[in-house]
Amino acid sequence: MVYLNAYKGHILIEDGVEINNLTVINGTGGVTIERDVLIGPNVQIISYTHRFNNSSLPIKEQGIDKKPVIIEQGCWIGAGAIILAGVTIGEHSVIGAGAVVNKNIPPFSVAVGVPAKFIKNRKEISHV
């Protein structure tokens, strides 16, 4: 089962995308997943954030900021990764299992950790 919610936004999933079980995609701010992307189980893609600047108001009364998420072609998003609002993951990148992506990832990157950090360029990996 995959949960898709495009409330007042959109979700665009191109051809050849594989989405594993228990993934959540929230398209409130817009989500685009380009062709041939692999998404592991339990991934969360969230395209909005709650405002919380005014400490005299409950957070739920301060509104949200919508920010699109773009996952470019040929990426692999590992199990349990979380992709936060406003992020673009460059084409053919790998996001490690459990990573929290809060900044853009360049094309052909391998990024892991919390928060996700670039660790290598896939073009520099030797082919065995």
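Analyst: A residue is called buried under 20% relative accessible area, exposed over 50%, and partly exposed in between (1.4 Å probe, protein chains only). The model is predicted: local features need pLDDT of at least 70, side-chain atom pairs count only at pLDDT 80 or more, and totals for chains, interfaces and linings use all residues. Residues are numbered from 1 along each chain as its sequence is written, and side-chain values use heavy atoms, with hydrogens and water left out.

User: Why is Val 2 called partly exposed?

Analyst: Its relative accessible area is 33%, which lies between the limits of 20% and 50%; therefore Val 2 is partly exposed.

User: Where does Val 2 lie?

Analyst: Val 2 is in the segment before strand S1 (3-5); a strand is a DSSP run of E with at least two residues, and a helix one of H or I with at least four, each numbered from the N terminus.

User: Why is Asp 15 called exposed?

Analyst: Asp 15 has a relative accessible area of 67%, and the limit for exposed is over 50%, so Asp 15 is exposed. Asp 15 sits in the loop between strand S2 (11-13) and strand S3 (18-19).

User: How do you know that the radius of gyration agrees with a compact globule?

Analyst: The radius is taken over C-alpha atoms, and the globule rule is 2.2 Å times the number of residues to the power 0.38. For 128 residues a compact globule would have a value near 14 Å; the chain has 15 Å, so the two agree.

User: How many helices and strands does the chain have?

Analyst: The chain has 0 helices and 17 strands. Of its 128 residues, 34% count as buried.
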